Amino acid sequence: MPEIDDNAEAERTRSALGAAGASGTWDWHIDSGILHADAQFAELYDLDPQQAQAGVPAETFFSAIHPDDRARMRIAVAGILGGAELFSKEFRIVTPDGATLWVHGRGRSFLDANDEPIRFTGLLVDVTERKRTEERLRIAQSAGGVGTFEYTDGFATVAVSDEFCRLLGLHPATSLPVRTINNVVQPGDAPLIPQPRSGIIPDTLDGVFRVSRSNDGAERWIARRGEIIRERSGYRLIGVIYDVTQTKEQEARLLELNETLEMRVEQELTERRRTEEALRQAQKMEAVGQLTGGIAHDFNNLLTIIIGNVDAVLRRFDVSSDPRARRSLENALQGANRAASLTQRLLAFSRRQPLDPRPTDVARLLAGMSDLLTRSIGGAIAVQIDAEAPGLWRVEADPHQLENVILNLAVNGRDAMPDGGTLTIAAHNHVVRDEDAPASVPAGYYVCISVTDAGVGMSAETLARVFDPFFTTKEVGKGTGLGLSMVYGFVKQSGGHITIESAEGSGTVVRLFLPRNLDNEHAPAAPMVVAAQGSPSETILVVEDDDDVRAYTVGILRELGYRVAEAHDGATAVRLFDRDEFSVDLLLTDVVMPAMSGRELADILWDRQPELSVLFVSGYPRDAIVSDGRLDPAVDLIPKPFTYLGLAGKVRELLDRRPSRT
Amino acid sequence: MTEKDGLELASELRALRPEMPLAIITANIQDEIVARARAIGAGFVAKPLTPDGLEPFLSGAALRLRSSKA
Amino acid sequence: MIPATVTLGDLERDALTEILNIGVSRAAANLRKMIDEQVTLSVPSIEVLSRRRAARMISEREIADLIAVRQDFDGPFSGRALLIFPETNSLDLVRAVTGGELSNDQVVEIEREALGETGNVILNSCLATMANMLKRSLTMTIPEVLRGNGDMLFEVGEEGAAEGLVLFLYIDFAVRKRDIRGYIAMIMGIPSLEVLKELLDEFIERVVGQDA
């Protein structure tokens with residue numbers, strides 16, 4: 001056979017061997033120092049196959065080994081020759097064509113009866129591909145932070161990679177006791193590796209474990225994946241672990257976000273329910289307010305007539321003629337006044353009462369009420385007034401109504417203390433900051449007026465209903481049930497807030513929070529001086545659609561000495577005004593009239609005579625002259641029913657306010 | 001018993017009874033110990049003791065005892 | 001810190017590994033004779049550690065208390081050899097070497113003696129092999145059985161402990177169906193390790209020759 005064919009043949013063989021992962025075997029006879037090898041071994045070592053099989057010097061074993069690995073392999077073989085049983089080494093050999101291959105030599109020694117080694121046999125496998133793959137795998141594992149393990153059921157140790165140890169914070173090793181690995185898993189979690197001989201074959205290797213890293217104690221989440229390979233007598237686990245702490249933390253954050261989301265939704269809902277509740281309350285008040293306001297309007301007209309006429313009779317009555325008749329008339333007037341007061345309260349509650357807010361010194365107001373309070377409450381109740389004066393801020397409120405409110409609360413307090421006690425009425429400055437603003441009182445500067453009794457208190461159920469109109473805990477006939485709802489209406493209309501604290505058996509504290517009036521220039525209103533009388537040089541135009549009321553009004557004014565013209569509607573009033581013989585000084589008009597309202601009439605006449613004084617009269621002046629429940633500052637109003645004195649004073653006040661005529 | 005004591009005892013016994021079969025039984029398989037046992041004329045049996053390990057010494061001793069009686 | 005004079009080079013490490021490989025193979029062969037069951041002893045990996053480090057490493061691996069068989073050796077290099085098991089393994093091992101025919105009480109009764117003898121065989125396999133391969137001789141004390149944790153076995157905290165280094169071998173007594181594993185540690189002072197390093201160089205010279 002030509003040599004070239006031999007070479008070609010050898011090349012083909014090598015290719016085939018290479019593809020299969022070339023392997024060769026050797027048999028080293030230690031006593032004779034002869035190495036026998038098979039054809040594949042001969043191929044790798046460039047030996048003649050026949051010669052190799054027949055036997056070559058044992059030294060040949062080292063001939064093809066890469067120089068850098070030779071010393072290491074000599075030491076390894078020395079171990080076998082000295083009595084070591086197992087040989088398992090990876091090393092490089094240089095093939096005849098100069099290529100470097102990685103091979104894995106695996107062998108063992110055979111001992112004679114005296115435990116002396118006599119033969120050393122083994123298998124040489126080309127692992128170049130595997131080495132490269134391993135290298136890639138190693139890089140992939142360390143780059144990807146993946147640790148590998150292999151565990152055979154029944155053994156106490158697990159074969160592991162360095163990365164495996166690193167992930168668990170353990171000293172790098174190729175094998176670790178099962179216990180060592182499971183010891184880093186936090187108590188309560190399943191073991192990372194099944195306990196030896198537990199007899200349970202796991203269903204899956206998929207799992208996540210909490211571990212405390214052995215070296216630094218850091219708590220990490222470790223995921224495990226892999227395969228379970230069943231073998232005859234048990235199973236083998238081959239798997240990987242990797243750190244999933246970051247993912248877990250993100251999950252936790254997401255979960256937390258979801259949880260707080262639920263909480264936030266809950267808060268929103270609560271807030272919304274509260275708002276809805278407030279809206280319902282407002283709607284209820286609005287409905288009742290419209291009803292009472294409508295009634296009050298007609299009622300006030302009637303009361304004006306009754307009071308006016310009784311008043312007129314009383315003024316002209318000769319006391320000596322019939323004292324009993326006079327008493328009856330006085331009783332009638334008192335009854336009518338009480339009816340008027342009730343109507344006022346209805347209006348106050350429905351917030352349709354025209355308020356006349358002005359800067360008010362609460363301390364002075366309370367001081368002025370002292371007598372009234374002591375008289376009204378009196379008896380077994382000690383009234384204590386405790387106002388922070390001086391230094392107490394002013395509030396912007398209708399002082400008369402505020403008095404009413406305080407009186408009302410004081411009466412309630414008295415009624416709550418049938419066996420006597422102390423009633424404290426206090427006023428002090430109060431600042432509510434944003435951060436600690438309670439739901440009922442928004443942040444701001446207030447004067448807090450509190451009325452405290454040591455009475456029977458209220459149950460939670462009662463407390464929830466105290467502001468409802470017509471709700472009363474008093475016996476039938478004792479109260480109107482409008483007290484607190486009126487207070488509520490007043491406070492709200494004055495831009496303030498109200499709180500009630502009470503528990504059964506431990507008294508009640510009602511607190512009014514009225515906004516501080518920062519406009520300190522206004523001096524408190526001077527007490528009104530009644531200059532009752534008028535003169536015929538002063539002409540008053542009275543416009544009122546109700547004939548009885550008009551007649552009563554005109555009667556008073558004429559009695560006071562004024563010159564009076566009257567009209568039953570706006571159009572007539574304008575015509576009268578335009579007649580030359582009249583120079584009208586004051587227009588006194590009802591607000592609510594058919595066709596033309598009092599306000600419209602006033603506007604027309606102001607066009608003609610801008611300095612004209614106008615006094616509105618109304619029992620229900622809501623839309624015409626009142627904006628936001630408060631009087632237009634330029635507008636003067638006298639509510640129905642009015643008295644002789646009341647009307648006299650108001651008219652005089654207006655006329656005197658005019659720039660003096662020269 | 002330390003190894004040295006065992007070997008010393010064997011050496012003293014050998015002086016008293018030159019013909020008596022002796023064996024050193026030890027896990028200390030150092031070449032030096034084996035050599036010293038041989039120098040005294042004692043057998044060397046390695047621990048752990050097994051029937052196979054003891055057998056050569058026992059058969060040798062039996063042979064020697066029979067031939068000395070004969 | 002491990003002084004440079006006792007730090008093993010790659011070849012020295014390979015040589016020591018092979019020598020101990022021989023010793024452990026011999027120990028495995030002997031253990032097989034005693035247990036009469038397939039025993040695989042893994043090719044040992046070797047580390048030179050401080051005593052403190054060795055104590056930490058063993059307590060990292062073993063939660064239970066430890067049991068050890070101790071033999072001191074003296075010669076050109078001297079020190080102390082320890083065969084260490086988790087205490088929970090010891091009765092298993094005793095049961096294995098006694099053929100599993102003894103009652104629990106009997107096993108406990110002879111535990112100390114059986115462990116001492118087993119340790120004697122295994123430690124001697126290693127130490128005698130070292131002596132033979134390095135062509136020196138060592139004297140050895142009789143085996144002694146100790147119990148305790150890593151710190152106690154390595155005498156961490158005792159005077160001169162910082163001096164001592166530990167040649168630490170983790171050997172896997174993979175005995176099928178028995179949860180047995182152990183460690184061999186050799187505690188030596190720096191002068192002894194320096195001598196050992198010289199002897200390893202001589203061994204390499206003999207074995208490798210001109211390929212070194």
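How many helices and strands does chain B have? Chain B has 3 helices and 2 strands, where helices (H or I, at least four residues) and strands (E, at least two) are DSSP runs numbered from the N terminus. Read from the N terminus, the elements of chain B follow the order α-β-α-β-α.

The model is predicted: local features need pLDDT of at least 70, side-chain atom pairs count only at pLDDT 80 or more, and totals for chains, interfaces and linings use all residues. Residues are numbered from 1 along each chain as its sequence is written, while chains are lettered from A and ligands numbered from 1 in the order in which they are written.

Of the 70 residues in chain B, 16% are buried (20 or more other C-beta atoms within 10 Å of the residue's own, with C-beta atoms placed from the backbone). Among contacts in chain B with a separation of 6 or more, 30% join residues 24 or more positions apart; two residues are in contact if their C-beta atoms, placed from the backbone, lie within 7 Å.

The contact between chain B and chain C takes 13 residues from chain B and 15 residues from chain C. On the side of chain B that touches chain C, the elements giving two or more residues are α1 (3-16) and α2 (31-40) of chain B. That side has 4 nonpolar, 4 polar and 5 charged residues (Ala, Val, Leu, Ile, Met, Phe, Trp, Tyr, Cys and Pro count as nonpolar, Asp, Glu, Lys and Arg as charged, and the others, Gly among them, as polar).

Chain A has a mean pLDDT (the predictor's confidence in each residue, from 0 to 100) of 80, and 84% of its residues reach 70 or more.

| Stretch of chain A | pLDDT | Contacts beyond four places in sequence |
|---|---|---|
| residues 475-481 | under 50 | 8 contacts |
| residues 521-531 | under 50 | 14 contacts |

Notes
A residue is buried if 20 or more other C-beta atoms lie within 10 Å of its own, exposed if 12 or fewer, and partly exposed in between; C-beta atoms are placed from the backbone.
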